[in-house]
Amino acid sequence: MDIGHKIKQLRIQKGLTLEELASRSELTKGFLSQLERNLTSPSIATLNDIVEALGSSLSDFFKEEKEEKIVFRKKDFFVDVRDTYTVHWIVPNTQKNEMEPILLELPQGGTSFVMDPHSGEEFGYVAEGCVTLISDKESHVVHKGETFYLSGKNSHYLKNEKKTTAKVIWISTPPLF
């Protein structure tokens with residue numbers, strides 16, 4: 001970690017000059033300048049004084065922000081093959097997110113898992129084939145290129161009654177799959 005650079009970033013974010021930070025932390029402007037340019041290193045006590053003067057804590061200062069992954073490749077996917085369907089987890093570890101997308105593959109005669117009533121919503125896009133969306137006593141045929149959108153207030157599932165494999169991108173919020 002580049003301590004000097006991080007201190008400088010925090011100082012600039014707070015809109016402070018070197019002189020103002022020196023006054024708040026009871027250090028010299030020259031020392032802070034050398035520190036920001038990595039020409040000297042602070043003791044832990046001094047670093048704590050600087051970080052507190054910047055309105056932070058040592059634990060927050062040293063907390064590394066993980067780079068948010070935004071593109072996922074096939075090698076990142078996890079595939080769960082079941083008797084009547086296959087789930088491709090196309091965005092790993094989505095339990096921490098607000099929505100959860102999957103690619104659901106239904107062979108001829110295949111049925112998905114039953115989604116029990118929940119407080120969220122769901123969206124699906126039929127990428128290949130044709131599926132029947134069954135919700136309580138209603139059923140809706142959804143063809144390739146068509147979508148479905150529903151609240152989770154009723155139990156529902158998908159069924160493939162055709163002779164070809166169906167593929168559906170299915171998104172749930174909150175994550176439920």
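These notebook entries record what I looked up in the structure above.

**Entry 1. Basis**

I worked from a predicted model, in which local features need pLDDT of at least 70, side-chain atom pairs count only at pLDDT 80 or more, and totals for chains, interfaces and linings use all residues. Residues are numbered from 1 along each chain as its sequence is written, and side-chain values use heavy atoms, with hydrogens and water left out.

**Entry 2. Nonpolar cores**

I looked up the nonpolar cores, a core being a set of buried Ala, Val, Leu, Ile, Met, Phe, Trp, Tyr and Cys residues joined through side-chain atoms within 4.5 Å. I took buried as under 20% relative accessible area, exposed as over 50% and partly exposed as in between, with a 1.4 Å probe and protein chains only. The largest core holds 18 residues, and Leu104, Phe113, Val131, Phe148, Leu158 and Trp170 have the most contacts inside it. Two or more residues come from each of β2 (86–89), β3 (100–106), β5 (130–135), β7 (147–151) and β9 (166–173). Strands here are DSSP runs of E with at least two residues, numbered from the N terminus. Another core, of 14 residues, lies apart from the largest one and includes Leu18, Leu47, Ile50 and Val51. I noted as background that in soluble globular proteins nonpolar side chains tend to be buried together.

I then followed Leu158, counting heavy atoms within 4.5 Å as contact. Neighbours within four places in sequence left aside, Leu158 touches residues including Leu104, Val131, Phe148, Val168 and Trp170.

**Entry 3. Aromatic pairs**

I paired rings of Phe, Tyr and Trp (its six-membered ring) if their centres lie within 6.5 Å; planes under 30 degrees apart count as stacked, over 60 as edge-to-face and the rest as tilted. I found four aromatic pairs by this rule. Tyr85 and Phe113 are edge-to-face, with 5.3 Å from centre to centre and 75° between the planes. Tyr85 sits in the loop between β1 (78–81) and β2, and Phe113 in the loop between β3 and β4 (121–128), so this pair ties together parts that are 28 residues apart in sequence. The centres of Phe113 and Trp170 are 5.4 Å apart and their planes lie at 10°, so that pair is stacked. Trp170 belongs to strand β9, 57 residues from Phe113. Tyr85 and Phe113 are both buried, and Trp170 is buried as well. Ring pairs link Tyr85, Phe113, Phe148 and Trp170 into a cluster.

**Entry 4. An open sheet**

I traced an open sheet of three strands in the order β6-β5-β8, with antiparallel pairing; strands pair if DSSP finds at least two bridges between them. The edge strands, each pairing on one side only, are β6 (138–143) and β8 (156–159). Four bridges join β5 to β8, and the bridge partner of Ile134 in β8 is Tyr157.

**Entry 5. Salt bridges**

I searched for salt bridges, each a side-chain nitrogen of Lys or Arg within 4 Å of a carboxyl oxygen of Asp or Glu. The whole structure has six. Asp60 and Lys63 meet at 3.5 Å, N to O; Asp60 is partly exposed at 42% relative accessibility, and Lys63 is exposed at 52%. Lys69 and Asp76 have their closest N and O atoms 2.9 Å apart; Lys69 is partly exposed at 43%, whereas Asp76 is buried at 18%. Asp80 and Arg82 have their closest N and O atoms 3.1 Å apart; Asp80 is buried at 18%, and Arg82 is partly exposed at 46%. Shared partners join Lys69, Lys75 and Asp76 into one salt-bridge network.
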